[in-house]
Amino acid sequence: MPITLTSTAVLLSGTYIVPPLTDITAVAGNALYAPLPGTNITLTNLGTVTGAAGGTGVKLNGTATVSNSGVIGGQNGVRIQGANGSIDNTGTITGSGGIAAYLSGGGVVSNSAPTARIAGHVDGVAIGGASGSVTNAGTITGATNAGVLLNSGGSLSNLAGGYIAGQSYGVTTR
C-alpha cells in the first residue's frame, strides 16, 4: 500500500510499526520525524520508508530504537539525535547523499543478518557524542569516507562473513 506524504509525518512518544508491503514516501523533507527532544520512540519497519531529496528516511530526537527488516532510505537513512540510540537492521538502510545510520549521542548499531546492508554516500555508520558499539554480520559501506566512524570511541565486532569498507577508512575513530 503506497502512502505519499506531502509533508513530514510527525511522531510523538510511543511505538510505531510500518507493516509489510507499505511504502511511505515523502515528497518534501523527512519521511518520519520526531522533532521533540523528550520523546521515547520505538519504530519497527517491515516496509519501505523513503525521505525526499535532501530529507532523511527516519529522523528521531530523544530516546529511540529502530528495528528495520525492510528498506529505509533518503539523503540520510536513519538519524537518531539523542542519548543511546539503537538501530537493529536485518534489511537495508541507505543514505544516498550522506550517512546511512547516524547516532549523535552514542548507542548501538547491529547489522545482524548476512543479507543486511547499511550503505552511505559519506559514512555507512557514524556514532558521535558518546561511545558507540557496532556489530556486523552483513555489509556496511561508506562511499566517500568510512564504513564505520566511531567519533567518541567504542567497540566493533565484525562477525564471520561480515564486510566493512569505506573510500578512506573501513573503520576509524577520532
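The chain has a radius of gyration of 14 Å, which agrees with the value near 16 Å that a compact globule of 174 residues would have. That radius is taken over C-alpha atoms, and the globule rule is 2.2 Å times the number of residues to the power 0.38. Keep in mind that this is a predicted model, where local features need pLDDT of at least 70, side-chain atom pairs count only at pLDDT 80 or more, and totals for chains, interfaces and linings use all residues. Residues are numbered from 1 along each chain as its sequence is written, and side-chain values use heavy atoms, with hydrogens and water left out.

Along the principal axes, the C-alpha atoms fill a box of roughly 40 × 30 × 25 Å. You'll find 21 strands in the chain and zero helices; both are DSSP runs numbered from the N terminus, with helices being H or I of at least four residues and strands E of at least two. Of the 174 residues, 49% count as buried, meaning under 20% relative accessible area, with exposed being over 50% and partly exposed in between (1.4 Å probe, protein chains only).

Now for strand S6 (residues 40-45). The table lists its pairings.

| Strand paired with S6 | Sense | Bridges | Residues standing opposite |
|---|---|---|---|
| S3 (residues 14-18) | parallel | five | glycine 14 and isoleucine 41 |
| S9 (residues 63-68) | parallel | six | asparagine 68 and asparagine 45 |

Over in strand S13 (residues 101-111) sits asparagine 111. Asparagine 111 is buried, with a relative accessible area of 0%. Its side chain makes a polar contact of 2.8 Å with the side chain of asparagine 89 and another of 3.0 Å with that of asparagine 136. A polar contact here is a pair of N or O atoms within 3.5 Å; within protein, one must be able to donate a hydrogen and the other to accept it, and residues adjacent in sequence count only if both atoms are side-chain atoms. Leaving aside residues up to four places away in sequence, asparagine 111 also touches others, including Ala116, Arg117, Ile118 and Thr135, where contact means heavy atoms within 4.5 Å.

Notes
Two strands pair if DSSP finds at least two bridges between them.
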